[in-house]
Every structure is written in structure tokens, then in C-alpha cells.
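The following exercises concern a predicted model.

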Amino acid sequence: MATHGGLALKEWDSDEVEADAVNDFKSEMLALLDRHRPSRMPFFRRLAALPFAIVSDPEFLGEVHLVYQAAMHATRAAVYYLPHLDNPALRKRKLQIFIDDDGLAGGDTHHYQLSRAFRNIGANILLEDEEFGSHEELCQHLDAETAHFVRLAQKLYSRSLGPWCAVEVMSVDWMKALAEAFAVHFPAFEHEPYFEDCFSQHVEERHADESLTVTAMVLQQRPELLAETLRDAKMMAEALDGVWNNLDRVVQNARRRRARRL
Ligand SMILES: [Fe+2]
């Protein structure tokens, strides 16, 4: 049997390389989810614990909307540039991902749904929907950590499939954590279509499965892409931690502002 080192490389069997790449990829992605599970971050529990007077402040809600929508926008825009999915069968699968975000009934999109959900709890929206455009312009409105995530999404999504997998594997976890934390204060929030459509139709679980399946197919054909795929997934997951860290700072700053006014 072939091994990874020394003279035995001569016996290297290409089927084995492909199987190794796919197995390594799947186990690494699950380990990544364990290490970076968004709901473990303090932001979500501190948001749930905020006094209503703070969490209902339109300026605070506007800040949370801007950061979260910016991060989501970055991934939704970047997914149009995913590499390696160019044959007709893979383009069809890619199209379904676009439709799930941007092709909702009645011309709706996840972006519009999310902004409506925040308007309905009283947010003072700082950046109107159509102002979410180029990554660079958007970064001028953002803190350093969220801007880093936004720039990285643009760069990495077009380079390998790893960052897309990392985001899709983690998205149901953070969407549930966000809905539950806000629902402590605004019970209708988790029933907004942005959340309820996703949860009831298991959209994010489907995206997680689809991203892993499609990427495994690509790696089976091109096992040499494994290292880059895993490295980029890790960079994206680390940058996503930064977004939750920054949102936690938004929460703590709101607490301090309130304390100074009292
Ligand atoms: Fe998704």
C-alpha cells in the first residue's frame, strides 16, 4: 500500500489520493465548525442579556444591522464568483444558491428581508439597501474587523471553494443564535421571513450539504486543490470570529453610553 513518504511514493495510487483529499476535507470542515461555532461567541448571550432600554435604541439596532448586513452582503456578492463550478451541471447547482438568496418570490431577496426585519424592530438603518455595493465603498462605513471579513470574502471566494463551505457550514448556527438572542426582546423577530423561511425550509442546512458535496466532487477531480481549499476556509472562519467580536463591542459600547447618560 502506498504511503505519503519516501520510496513508497512511486506506488502512489491516484484513487487513493482522491479519497484522501475528500476524507481530509470533510473531517477538516467539521473540525473547523467545532473550533469556530458562532453561537459560542459572547456577542449572542450579551445581546440576549441587554436591558430593553438599550436593545431598543434605534441607533444601536442600526449599528448591528450595518455590521451584520455588510458581512452577509459580502458573502452573497462573492458567491457569484465561485471558481471550479463551470460545467452545465455545476452551473445549475450554483444558480440554485443564487436563487435562494436573490430570487425569492415577488422579487424579494435575503438582503431586503433582513433590512425589513430590523426596520420592524425600530432600527435606524444607517445604509440603505442599494448602497450595499462594491466591497471597497462598503468598507468605508465599517470597523476594521468587519472590513477585513468583507475584503477577505471578495478575495477568497473567487479563489477556492473553502471559504464558501466554511460560511455555509456555520450559517444555520449563527442565524439561530441571532434570532434567539433578539427574540428575548422582540418575540416577533424570529418569525420574520428572513429567519422563518430559512428555518422551516432548512435552506442553510441544504446549503451546507450542497457546498460540501460540490467541493468534494471538485477535490475528487483535483486533489491538488485540497491545501488551498482548507487554508482559505480557515482564514474565512477566523475572520468571521472577528465579525462577532466586533458586534460584541457594539453591545458593550451601547451599555457604556447608557451608563454615562444615567
Ligand atoms: Fe446559505
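**Exercise 1. The iron site**

Task: Determine which spacing the donors of the iron ion follow along the chain, and which residues coordinate the iron ion.

Solution. 
Step 1. Along the chain, the donors of the iron ion are spaced as E-x35-E-x2-H.
Step 2. The coordinating residues are Glu 168 through OE, Glu 204 through OE and His 207 through ND1, at 2.2 Å.
Step 3. Glu 168 belongs to helix H9 (residues 162-183) and His 207 to helix H11 (residues 203-221), so this pair ties together parts that are 39 residues apart in sequence.
Step 4. Residues under 20% relative accessible area count as buried. Glu 168 has a value of 9% and is therefore buried. His 207, at 1%, is likewise buried.

**Exercise 2. Helices H5 and H11**

Task: State how the axes of H5 and H11 are oriented, parallel or antiparallel, and which residues make the contact.

Solution. 
Step 1. The axes of helix H5 (residues 88-102) and H11 cross at roughly 155° and come within 11 Å.
Step 2. Angles over 145 degrees count as roughly antiparallel, so H5 is roughly antiparallel to H11.
Step 3. The crossing of H5 past H11 is left-handed.
Step 4. H5 contributes Leu 90, Arg 93, Gln 96, Ile 97 and Asp 100 to the contact, and H11 contributes Val 203, Arg 206, His 207, Glu 210, Thr 213, Val 214 and Met 217. His 207, one of these residues of H11, is also a ligand of the iron ion.
Step 5. Sorted by class, the contact of H5 with H11 comprises five nonpolar, three polar and four charged residues.

**Exercise 3. Helices H8 and H12**

Task: Describe the packing of H8 and H12: at what angle do they pack, and how far apart are their axes?

Solution. 
Step 1. Helix H8 (residues 144-157) packs with helix H12 (residues 226-261) at an angle of about 155°, and their axes are 8 Å apart.
Step 2. This angle makes H8 roughly antiparallel to H12.
Step 3. H8 and H12 cross in a left-handed manner.
Step 4. Among the residues in contact are Phe 149, Leu 152 and Leu 156 of H8, together with Met 235, Met 236 and Val 243 of H12.
Step 5. The contact of H8 with H12 holds ten nonpolar, five polar and three charged residues.

**Exercise 4. Thr 215**

Task: Decide whether Thr 215 is buried or exposed, and list its contacts beyond its neighbours within four places in sequence.

Solution. 
Step 1. Thr 215 is located in helix H11.
Step 2. Its relative accessibility is 1%, so Thr 215 counts as buried.
Step 3. Once neighbours within four places in sequence are left aside, Thr 215 is in contact with Phe 25, Leu 161, Trp 164, Cys 165 and Thr 229.

**Exercise 5. Two histidines with positive phi**

Task: Give the phi values of His 84 and His 202, and say where each residue lies.

Solution. 
Step 1. Most residues other than glycine have a negative phi.
Step 2. His 84 has a positive phi, near 70°. Its place is in the loop between helix H4 (58-78) and H5.
Step 3. His 202 has a phi of about 50°, also positive although the residue is not a glycine. It lies in the loop between helix H10 (193-200) and H11.
Step 4. His 84 is partly exposed, with a relative accessible area of 26%. His 202, at 45% relative accessibility, counts as partly exposed too.

How values were computed: Residues numbered from 1 in each chain as written. Predicted model: local features only at pLDDT ≥ 70, side-chain atom pairs only at ≥ 80, totals over all residues. Heavy atoms only, no water. Axes fitted to C-alpha atoms, helices over the stretch in contact; angles between N-to-C directions. Helix = DSSP H or I, 4+ residues; strand = E, 2+ residues; numbered from the N terminus. Parallel < 35°, antiparallel > 145°, perpendicular 65-115°, else oblique. Left-handed = near helix turned anticlockwise from the far one by under 90°. Contact = heavy atoms within 4.5 Å. Nonpolar A, V, L, I, M, F, W, Y, C, P; charged D, E, K, R; others polar. Donors = N, O, S within 2.8 Å, 3.2 Å for Na, K, Ca; no water. Buried < 20%, exposed > 50% of the residue type's maximum accessible area, 1.4 Å probe, protein only.
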